[in-house]
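Subject: Structure handover

Hi,

Here is the structure for you to look through. Please open it first, then read my notes next to it.

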Amino acid sequence: MFNFSNKLADWISVNDVMAQKFPNILPVIYLILSISPSSAEAERGFSQLKLLKTRLRTRMTQPVLNNLLCIKLEAPDVEHFDPIDGVHNWNTSGIRMR
């Protein structure tokens with residue numbers, strides 16, 4: 001067993017000991033540690049969803065809505081966006097109707 005006397009146990013040493021004794025509990029601990037302590041990020045997602053899907057856009061399909069929401073939440077700011085890679089990908093990806 002791990003000796004906790006007169007010193008602060010760090011996560012690496014605790015992890016090494018517990019991985020040998022309880023190999024099934026560590027994945028559960030990692031999942032618990034990855035849970036966000038607040039719902040602010042989810043609430044921001046729902047706010048952006050409400051802005052994207054309005055009464056005027058009710059016919060938007062689910063894949064389009066998913067892609068737009070992903071772009072809205074994960075894309076860099078306009079000031080930090082570099083369109084060169086996207087333009088190059090668009091120009092080389094195939095024939096388009098004009």
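The chain has five helices and zero strands. Read from the N terminus, its elements run α-α-α-α-α. Keep in mind that this is a predicted model.

Start with the whole chain. There are 98 residues, and buried ones make up 11% of them. The accessible surface comes to about 9300 Å². Carbon and sulfur atoms hold 61% of that surface. Now take the contacts in the chain with a separation of 6 or more: 17% of them join residues 24 or more positions apart.

Helices α1 and α2

Helix α1 covers residues 11–21, and helix α2 covers residues 25–34. Their axes come within 11 Å and cross at roughly 145 degrees. Which residues make the contact? On α1 they are Trp-11, Asn-15, Met-18 and Ala-19. On α2 they are Leu-26, Ile-29, Tyr-30 and Leu-33. Sort these contact residues by type and you get seven nonpolar, one polar and no charged. Two packed helices are described by the angle between their axes and the distance between the axes.

Helix α3

Helix α3 takes in residues 40–52. You can check its length yourself. It has 13 residues, and at 1.5 Å a residue they should span 18 Å.

Next, look at which residues of α3 are covered. The buried ones are Gly-45, Gln-48 and Leu-52. They cover an arc of only 65 degrees around the axis, so they sit on the same side of α3. An α-helix has 3.6 residues a turn, so residues three or four places apart point the same way. What covers the buried residues of α3 includes α4, residues 62–74.

The other side of α3 has exposed residues: Glu-43, Phe-46, Lys-50 and Leu-51. Take Phe-46 as an example. Its relative accessible area is 59%; exposed means over 50%, so Phe-46 counts as exposed. Phe-46 and Leu-69 are 23 residues apart in sequence. In space, their C-alpha atoms are 9.5 Å apart.

Leu-65 in helix α4

Leu-65 is found in helix α4. Is Leu-65 buried or exposed? Its relative accessible area is 6%; buried means under 20%, so Leu-65 is buried. What does Leu-65 touch? Leaving out residues up to four places away in sequence, it touches Leu-49, Leu-52, Lys-53 and Met-60. One of these, Leu-52, is also a buried residue of α3. Lys-53 is 12 residues from Leu-65 along the chain, and their C-alpha atoms are separated by 7.7 Å.

Helix α5

Finish with α5, residues 84–92. How many of its nine residues are buried? The number is zero, so α5 lies largely in the open. Just after α5 comes Gly-94, which takes a positive phi of about 155 degrees.

To get started, select Leu-65 and find the residues it touches, including Leu-49 and Met-60. Then turn to α3 and pick out Gly-45, Gln-48 and Leu-52, its buried residues.

Best wishes

Technical notes:
Residues are numbered from 1 along each chain as its sequence is written. This is a predicted model: local features need pLDDT of at least 70, side-chain atom pairs count only at pLDDT 80 or more; totals for chains, interfaces and linings use all residues. Side-chain values use heavy atoms; hydrogens and water are left out. Helices (H or I, at least four residues) and strands (E, at least two) are DSSP runs, numbered from the N terminus. The expected span of a helix is 1.5 Å times one less than its number of residues. Buried means under 20% relative accessible area, exposed over 50%, partly exposed in between (1.4 Å probe, protein chains only). The arc is that of the directions from the helix axis to the C-beta atoms. Contact means heavy atoms within 4.5 Å. Accessible areas come from the Shrake-Rupley method with a 1.4 Å probe; for residues, only the protein chains shown count as cover. Axes are lines fitted to C-alpha atoms, for helices over the stretch in contact, and angles run from 0 to 180 degrees between N-to-C directions. Ala, Val, Leu, Ile, Met, Phe, Trp, Tyr, Cys and Pro count as nonpolar, Asp, Glu, Lys and Arg as charged, and the others, Gly among them, as polar.
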